[in-house]
Amino acid sequence: MKLLRLFGAGLRMSVQGTLAFRLNLLFDIGLAIVGLGASLATVVIVFTRTDSLVGWSEADSCVLIGTFQLLSSLKGAFIDPNLSWFPDDGIRNGRLDTYLLQPAPTLFLASLAKSTPLALVQFVLGSAVIAVGLDRVPSPVAVLAWLVTLAAGLAVTWSMGVLLACLAFWAPRLQLDIFYSSAWQLARYPMDIYRRPLRAVLTYFLPLALIATVPTTTLLDGPRILVLAPVVAGAAVSCLLATICWRLGLRRYTGATS
């Protein structure tokens with residue numbers, strides 16, 4: 001409950017700061033609409049040439065894009081503002097020193113203390129695209145399973161961000177978040193379009209299949225225990241691994257000036 005109160009306080013401060021610059025709000029809304037429109041235009045262009053893309057219909061692809069927008073908005077709102085520049089802000093500029101002095105878990109402060117509420121505009125737009133793309137109302141069980149896979153995907157996304165940030169404890173000048181942000185864009189397409197070696201990498205090594213493909217198939221086709229169980233287990237293991245690596249990194253850390 002303490003962490004939830006801290007998270008809520010940080011979110012309120014971020015919202016207040018955002019509302020102080022309302023022109024930026026309108027500008028970011030416009031950019032989000034343009035970005036989503038470009039993704040949907042790609043789908044429309046593809047399906048002018050074919051009726052099916054590796055088994056995905058045009059409506060299914062729209063749901064996939066909408067789901068990708070949901071996770072992207074949460075990543076951009078709560079994870080990227082904290083972890084994207086951790087090697088610079090946290091290690092070299094000494095922000096982590098400040099976190100270590102605070103009466104709260106350093107992992108929480110370093111990974112979730114700040115937020116960018118404007119990124120949640122994509123969440124609203126993604127929800128609208130999903131609602132339009134669904135050609136039938138999914139069952140309550142499918143919706144619940146979809147929410148579980150979304151939560152698992154968000155947990156894995158957070159874990160990957162923490163693991164990449166932890167590399168700064170050993171190599172402060174190494175910044176792989178740019179590579180990860182670029183690879184993230186591959187999740188907006190069905191994993192089946194990639195060849196088997198790359199598909200295996202995007203499923204197990206960089207589990208981008210959890211971002212959009214697995215949640216979308218769960219929503220459209222219904223839950224499968226053989227899919228849900230590994231997804232939930234993988235999310236739990238990734239969070240545990242991220243926590244362990246963070247603690248190991250803190251043991252190595254001696255301060256920004258050392």
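Biologist: Where does K75 lie?
Modeller: In this predicted model, K75 lies in helix α3, which covers residues 58-83.

Biologist: And is K75 buried or exposed?
Modeller: K75 counts as buried, because its relative accessibility is 5%, and buried here means under 20%.

Biologist: What does K75 touch, then?
Modeller: Leaving aside residues up to four places away in sequence, K75 touches D80, P81, T157, Y180, S181 and W184.

Biologist: Changing topic, which residues make the nonpolar surface patch?
Modeller: That patch, of about 330 Å², is made by L167, L174, L176 and F179. One of these residues, L167, has its place in helix α8, residues 140-170, and with a relative accessible area of 32% L167 is partly exposed.

Biologist: How many disulfides are there?
Modeller: The count comes to zero disulfides. C166 is in none, and the nearest cysteine sulfur to that of C166 belongs to C245, 5.6 Å away, whereas a disulfide needs the two sulfur atoms within 2.5 Å.

Biologist: What about helix α11, is it mostly covered or mostly open?
Modeller: Helix α11, residues 213-221, is mostly covered, with seven of its nine residues buried. The buried ones are T213, V214, P215, T216, T218, L219 and L220.

Biologist: What covers the buried residues of α11?
Modeller: The cover includes α3 and α8, together with α7 (121-133) and α12 (225-252). Just after α11 comes G222, which takes a positive phi of about 95°.

Biologist: Stepping back, how many helices and strands does the protein have?
Modeller: The secondary structure comes to twelve helices and zero strands. The radius of gyration is 19 Å, close to the 18 Å that the globule rule gives for 258 residues, so the protein is as compact as a globular protein of that length.

Biologist: Last one: among contacts between residues at least 6 apart in sequence, what share joins residues at least 24 apart?
Modeller: Among those contacts, 83% join residues at least 24 apart in sequence.

Terms used
Residues numbered from 1 in each chain as written. Predicted model: local features only at pLDDT ≥ 70, side-chain atom pairs only at ≥ 80, totals over all residues. Heavy atoms only, no water. Helix = DSSP H or I, 4+ residues; strand = E, 2+ residues; numbered from the N terminus. Buried < 20%, exposed > 50% of the residue type's maximum accessible area, 1.4 Å probe, protein only. Contact = heavy atoms within 4.5 Å. Patch = residues over 30% accessible without salt bridge, like charges linked within 9 Å, V, L, I, M, F, W, Y side chains within 5 Å. Areas by Shrake-Rupley, 256 points an atom, 1.4 Å probe, with all protein chains shown as cover. Salt bridge = Lys/Arg side-chain N within 4 Å of Asp/Glu carboxyl O. Rg over C-alpha atoms; globule rule 2.2 N^0.38 Å.
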